[in-house]
Amino acid sequence: MPPHVDIVIVFCAIRKKAASFSKEQVRQNAVKAERQYSKLINTLTRAGLKAVGRRGESQGQLLVMVTCPQNVLAKLIHCERHSDFLYGLPMSKLPSTSDFESAPLSPADRIRLIHGFISSTPEDGGLGIIPGRKEWDLVESVMALHDHDFNDHWIRLWTRHRIASVELEKIRDQFGDSVALYFFFLTAYTQALIFPAALGTIYYLWGKPYSASYSTLLLLWSIAFVEWWRLQERILSIRWCIRGSWRVEKRRADYLPSFPWWKQEMRMMAGLPVILLFATILAVMLTGIFVLEAFVTQLYKGPGHTYVAFAPTILFSLLVPRLLAMYQKLATNFTDWENHKHQSNHSSSLSLKVFTLSAMNAYLGIALSAFVYVPFGESVMNFVQSYLFTGGHRALALLEKYNVSFNATSNLGARGAGGKKISAAGLNLWESDRKSARRMLNSSRLQDQMFAFSVTNQAVDTFTAIGLPYILRAVESFRNGKGFRNGTGKGHGKKKRVAFDDEPVGHDAHGREEREFLERVRSEVVLPEYDVFTDYSEMVTQFGYVALWSTIWPLAPAMALFNNYIEARSDAFKIAVHTRRPTPVRTDTIGPWLESLSFLTWLSALTNSALVYLFRPPDQQEHELGSMVAANATDESQHLNHHPLPSLAATRELLMSALLIALFASHGYLVMRAAVRHVLKHAIWTGSKEMKEAEHVEREMKEKYLSSLGQCTPDEDVMLEVTDEKDEWATFWTIDEGKDDIGKMLKDL
């Protein structure tokens, strides 16, 4: 059995840019590394921990293995219980300091206590070994090792059994509250999708397109799920004894305690213009790509028109990810600058900033198609056509002025052949016929986009999370000449292993086992850290597609249900194979994602009402598809809401009607949410075991405290002896006229 290691501290003695340093700089860095490494080992050992260093994967990398003796762990448990009591948390289910054998710590609680002790600030009772701080700038990370036996069993369960067969309590025991809460949310959300998936399938096969009843039921489901999860979150926090855990959260190392609250608020407000600036740039960029893809590429018929169709995709791939990466880096700097006291507040602020632009990137394209392309596509096409036609003639005239002509022998789609040179008048780069341009409008664009978002994008995301890391690690391993490695320390094929001089080479019974253990540790160190933000972002974005846009394509919930069946298994596989072991964190909520779900639910009331109003077919045409109302059969004034008015008046009336309907839907959402919240609260929370426990726990703690002081509590049955005291009014207390008076009343009756 390999040695028991609780925590691994990755120490980098040689910086990556050391090759460009002079000999004197290298010597100074080596002296600094030796001094800091000695300080690290001394800090750990003085605290009662056992620590030893081993060589890492690369030159200059040292892996400090740390284990915590039982007496130190008992002290950490006592400190946490004391802190929980002082801040009014429910008494933790951690065993008592003398009860390790009968009730051992869960692996997650053990790692959380030891990791927190090492990496929290001295003000919070920790050792202050925090990666990135000035005094520990050579410490890269503090991590925990995977339990591969549990991981293999976990993956087999997800693979072979149905989704509800995996016990979430076991996930919590291994990875902590944060990861368990995510998988509980994923499981609950997936099960909740069964209703809209069945409903959408029925309406897709036998219902009417853009059905008002389907949109209403979908909105009710969205509200019910969000409010149900709000209560379920509360129930879980009480069941797991973590309600109010933010009150005992450790402070961030960069937090300035003397910082005024109003300065923090001002700094948070200062980030709003930056968010608005990037949101505007992203909106302009996406709108430009949308116009290029939907109109310009359709009208262009000059040289290379076959390849021009790929231009929007290329531009999107080149521009949008770079902009989002730049914004995320800037958002991280702004969030650090805001000086949040706790990591949970820091993560919530950063998540809201990042998800704002991620949601805009996800939904703006389909919003433009629904509210610009479909209702006003012909007008936009005519405008773009006129602009391009005029601009094209001006450009060609300018080229003719400078004696520049086109050679049609390029054979890239230009008109002309036989090496003849064509003039500006003869070369027609754009479609000039309006009827032909009108036929280029895609009547099923909305459905195509929903299919791409619901099926294609989710398949690509799954491959990116599961398959791509294998490829990247394989390439990196072959570049380093180490063969293929799957991230678990198990190589494929024969591999030559050269041991270090001071490593065990098998002369004792533990030599081989220790080498295999160190190889596994090194393989885990090179893995990236797990970030639950990405998984939550995917699920909340998917919820937005279902709630906001599935009226367009009712099969979207069914596709989401199928994707989540795979997503649960892919996330488990990703954690077990492709990332480091998640550091356990105490939390009682999914954080800002609950508010994001609430906002998307409110927004769905507006979008669904607008979609039904704009695209629902009239009674005599209910058998037709309502994706886009026959652009080539009727003019635009007859498309929308079926009111044949002049185009300008129709547009004005349409926008005003849509605005009024959106306002009505917004107020209707508030009423529906209040009603659903009231019903669910009485159906799920009131009278539940968790509610009674929440009401009882605070009183129980105070009663225990009073009992420890020798004081009685109101419920205790305490009999006190009555002592005889001299009182000049003693006879007053011996005469009771009540019974005599009642007796007289009975006699009178």
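These are my notebook entries on a predicted model.

**Ground rules.** I worked on a predicted model, in which local features need pLDDT of at least 70 and side-chain atom pairs count only at pLDDT 80 or more, while totals for chains, interfaces and linings use all residues. Residues are numbered from 1 along each chain as its sequence is written, and side-chain values use heavy atoms, with hydrogens and water left out.

Entry 1: I looked up the second largest pocket, and its volume is about 1800 Å³. A pocket here is an open set of points on a 1 Å grid over the protein atoms alone, where a 1.4 Å probe fits and protein lies on both sides within 12 Å along at least five of seven lines. The volume is the space filled by probe spheres set on the points, which are joined across faces, edges and corners. I noted 46 residues in the lining, where a lining residue has an atom within 4 Å of a point. Nearest the centre of this pocket lie F316, N361, A362, F453 and N457.

Which elements give two or more residues to the lining of the second largest pocket? I wrote down α9 (261-299), α11 (311-337), α12 (343-401), α14 (445-479), α16 (532-549) and α17 (556-578). Helices are DSSP runs of H or I with at least four residues, strands are runs of E with at least two, and both are numbered from the N terminus. α14 gives the most to this lining, with 11 residues.

I then sorted the lining of the second largest pocket by residue type: 21 are nonpolar, 18 polar and 7 charged. Ala, Val, Leu, Ile, Met, Phe, Trp, Tyr, Cys and Pro count as nonpolar, Asp, Glu, Lys and Arg as charged, and the others, Gly among them, as polar.

**Entry 2: two helices.** α9 and α11 pack with their axes 11 Å apart, at an angle of about 175°. Axes are lines fitted to C-alpha atoms, for helices over the stretch in contact, and angles run from 0 to 180 degrees between N-to-C directions. The two helices α9 and α11 are therefore roughly antiparallel, a label for angles over 145 degrees. In their contact I found 23 nonpolar, 2 polar and 2 charged residues.

**Entry 3: cysteines.** How many disulfides does the structure hold? I found 0, a disulfide being a pair of cysteine sulfur atoms within 2.5 Å. C12 is buried at 14% relative accessible area; buried means under 20%, exposed over 50% and partly exposed in between, with a 1.4 Å probe and protein chains only. C68 is in the loop between β3 (61-67) and α2 (70-86), and at 3% this residue is buried.

**Entry 4: positive phi.** C241 sits in the loop between α8 (212-239) and α9. C241 is not a glycine, yet has a positive phi of about 60°, and it is buried at 6%. N339, in the loop between α11 and α12, also has a positive phi, near 60°. N339 is buried at 5%.

**Entry 5: two partly exposed residues.** F195 is in helix α7 (residues 194-206) and is partly exposed at 42%. P528 is in the loop between α15 (511-525) and α16, and is partly exposed at 48%. P528 and T579 are 51 residues apart in sequence, but their C-alpha atoms are 5.2 Å apart.

Note on methods
Parallel < 35°, antiparallel > 145°, perpendicular 65-115°, else oblique.
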